[in-house]
Every structure is written in C-alpha cells, then in structure tokens.
Amino acid sequence: MSATFEKTDGRTVITKEADKPFRILQLTDIHIGGGLFSRKKDKLALAAVEKIVTAANADFVIVTGDICYPLFPWSGTFNNMRGSRKFANLMNRLGVEWTLVFGNHDTESFAFYDKQHLANFYMSQPKCHFQKGEEGLTGLGNYMIKLQNPDGSLNTALMFIDSNAYLTKSFFSGFDVIHDDQTDWYKRAIAEVSENGETARSLAFFHIPPKEFKEGWEKCYNGSGEATYHLGFVQEKDNYFGYPKTKEGNFFSEMVRLGSCKGMFMGHDHLNTLSITYQGIRLTYGMSIDYLAYSGIEKKHTQRGGTVIEIFDDGSFDVSLLPLDSITKKNNQQ
C-alpha cells in the first residue's frame with residue numbers, strides 16, 4: 001500500500017507516497033445475479049474478482065458500474081441487494097479500499113432496492129468510499145475524491161459520476177446521458193480545487209460511454225490522425241458502442257473546453273477493452289468480469305480482467321490491461 005486514506009464527514013482524501021505511483025484497479029460489469037439461476041456463474045465472477053484484485057496489488061479498486069444483475073430470467077431473482085452483499089463481502093475479506101459508481105443494471109425497474117438503499121449499504125462498508133454526493137443533482141453518486149501529494153497539494157481529482165440508466169424506466173427507451181446539471185457540478189468542483197490560475201487535473205469514472213468514444217474510434221480506425229490508439233480491442237459485434245443515441249447532454253464537449261479531465265474510464269460494453277486519446281482526453285473501456293448477462297459470454301475470455309491506472313507524482317498517468325488469462329497462466333506455472 002503506497003497511500004493513506006482519511007475519511008471525514010463521509011468525504012475521502014487520499015495521500016499518495018512520494019516517488020511511488022498511486023495504483024488504481026478498475027473493475028467493471030461484475031454482473032452478480034444473486035439468485036437461484038446464477039449460482040454457478042456468480043461463483044465464477046467472484047473467483048475472477050478475487051484473482052484480479054490479488055494480482056493487481058492496487059491501492060484503490062474502482063468499480064465502474066453493474067455490480068449486480070437483478071434480471072429474473074438470468075438470475076432467478078429481482079433482489080439486487082444479494083449481489084451487492086456478495087461483492088461487498090468479498091471486498092471486505094480481501095481488505096482493500098474501494099468505491100463504485102452505479103451502472104444501468106444495478107437498479108433495474110423491477111429490482112427490489114433503489115439507489116438510495118444500495119448507497120446506504122455501500123456507505124456502511126468499512127473500506128468503501130462511495131458518497132451520495134451533492135443533493136438535487138441528477139442520479140446518485142456524483143462525488144469527488146481528492147488524491148493529494150505528501151505536501152498536501154492536489155495531485156488529481158478523482159471524479160465519480162452517475163451516468164444514469166435509460167431515458168424512461170424501460171431498456172427499450174435507449175440509454176440516458178450525463179445530464180447538464182451533473183456537468184455543471186463537475187466544473188464547480190474543479191473550480192473549487194484549482195489554484196494559482198491553473199485548472200486542476202482530473203480523471204472521470206462512470207458507466208455508459210459518451211458518443212464521442214465511437215467517434216474517436218472511427219477516426220482512429222480510418223487513420224485520420226485525429227485520435228491516438230493505445231491498447232485494447234473493440235470486440236462487440238459490428239463495432240458496437242452502447243452510447244446514448246439522444247442528442248441531449250454535452251458532457252464530453254464541456255470537458256474538452258474545461259481542460260481538466262485527462263481521462264475517462266467506463267464499462268457497459270463487456271467485450272470492448274479499447275483505450276484511445278481523442279480531443280486531449282484518454283477514453284478507456286475497463287476489462288469486464290461478466291459471466292452472466294451476454295449469451296455465451298462465459299465461454300469467452302480475452303475481454304475478462306481488470307484495468308490498471310498508475311498516477312505519478314506530476315499527475316500524469318498510465319493505463320495497462322490485466323487479463324484474467326495471464327493471471328491464471330502465471331498461477332498455473334507456480
């Protein structure tokens with residue numbers, strides 16, 4: 001552990017050690033069903049998480065949505081607290097500092113528990129740093145965690161955003177966006193921690209990708225030079241990106257104008273592991289865990305794992321993939 005965590009009045013400040021990178025493990029789309037139908041796949045998912053967390057040896061684990069999957073035909077229950085408890089119990093046993101943002105499946109329309117109930121549960125866990133955030137904003141869980149240097153100066157603002165779920169309560173209405181009031185909150189929060197006329201650096205963590213991610217990938221794929229490829233793959237059928245199709249929302253363009261956000265980390269599309277830089281922002285799909293939600297996904301493996309983000313003393317950062325395959329292979333050779 002190369003950092004200390006201090007929680008005051010429900011807010012967390014992290015202090016990194018000098019000359020050591022602060023190491024984040026991003027997990028996403030765990031998809032624990034928590035029901036009779038999903039017992040076998042839930043065990044696989046939790047075992048995968050344990051292997052990845054142990055191998056990563058990270059200072060902080062961030063889950064970018066969809067810890068649970070309370071859809072009855074797949075899980076056998078609408079009880080989304082069961083999946084939440086299973087995951088939290090594992091994290092408690094592993095003794096790691098962690099937090100999360102909500103995904104679209106955590107609180108489906110027929111799920112027993114809403115975001116408020118889940119938030120109260122997560123906030124009761126000893127090493128979970130989730131916050132409900134500012135009251136009155138769209139969604140729940142728009143909050144900031146300061147990562148500071150040993151001298152108390154800000155290194156990076158870690159920004160957590162609820163990217164919401166659907167335009168209505170129905171999946172068929174299409175995916176929702178990060179709303180303008182959430183974008184305004186982000187800009188206010190950054191202004192409050194910026195000093196000496198310099199805009200504070202930040203990284204954003206949320207679930208549903210913005211449309212600009214696909215736009216950047218297409219420019220990268222076509223070799224236009226307007227986007228830079230770093231690592232990972234687009235493995236969804238027909239280069240699918242599950243971004244909101246509505247014209248509402250201006251989060252990405254406002255982040256470009258603000259100049260604070262250097263990276264966005266998300267999940268949602270379980271087979272995509274792509275990381276590119278577009279318009280000055282690094283956009284990264286976290287490697288997923290899911291054994292349950294996609295038909296036949298338990299037989300796929302190249303997308304499964306974790307994503308490691310290392311933040312250095314000057315606020316710069318690097319991203320690498322931690323595939324479950326490589327961990328399993330290494331463990332088998334020992």
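## Charges and patches in a predicted model

Lysine 41 is partly exposed, with 26% relative accessible area (buried is under 20%, exposed is over 50%, and partly exposed lies in between, using a 1.4 Å probe and protein chains only). This is a predicted model, so local features need pLDDT of at least 70 and side-chain atom pairs count only at pLDDT 80 or more, while totals for chains, interfaces and linings use all residues. Residues are numbered from 1 along each chain as its sequence is written, and side-chain values use heavy atoms, with hydrogens and water left out.

**Salt bridges.** Side chains of opposite charge can pair when their charged atoms come close. There are 13 salt bridges in the structure (a side-chain nitrogen of Lys or Arg within 4 Å of a carboxyl oxygen of Asp or Glu). One of them joins lysine 41 to glutamate 298, with the closest N and O atoms 3.6 Å apart. Lysine 41 belongs to helix H1, whereas glutamate 298 sits in the loop between strand S12 (281–285) and strand S13 (305–311), so this pair ties together parts that are 257 residues apart in sequence.

Glutamate 50 is in helix H1 and arginine 93 in helix H3, so here the parts tied together are 43 residues apart in sequence. Glutamate 212 and lysine 211 form a salt bridge too, at 3.4 Å from N to O. Then there is a network: Asp184, Lys187, Glu254 and Arg257 are linked by salt bridges.

How exposed are some of the bridge partners?

| Residue | Relative accessible area | Class |
|---|---|---|
| Glutamate 298 | 30% | partly exposed |
| Glutamate 50 | 27% | partly exposed |
| Arginine 93 | 56% | exposed |
| Glutamate 212 | 11% | buried |
| Lysine 211 | 37% | partly exposed |

Aspartate 29 is in the loop between strand S3 (22–27) and H1.

**Surface patches.** Arg39, Lys43, Arg82 and Lys86 make up a positive surface patch. Helix H1 (39–56) and helix H3 (80–94) are the elements giving two or more residues to that patch. Arginine 39 is in helix H1 and counts as exposed at 56% relative accessibility. Patch members need over 30% relative accessible area and no salt bridge, with like charges joined within 9 Å and nonpolar side chains (Val, Leu, Ile, Met, Phe, Trp, Tyr) within 5 Å.

There's a nonpolar surface patch as well: Leu36, Phe37 and Phe72, with about 320 Å² of accessible area together. Phenylalanine 37 lies in the loop between S3 and H1 and is partly exposed, at 49% relative accessible area.

Conventions
Areas by Shrake-Rupley, 256 points an atom, 1.4 Å probe, with all protein chains shown as cover. Lys, Arg positive; Asp, Glu negative; His and termini not counted. Charge placed at Lys NZ, Arg CZ, Asp CG, Glu CD. Helix = DSSP H or I, 4+ residues; strand = E, 2+ residues; numbered from the N terminus.
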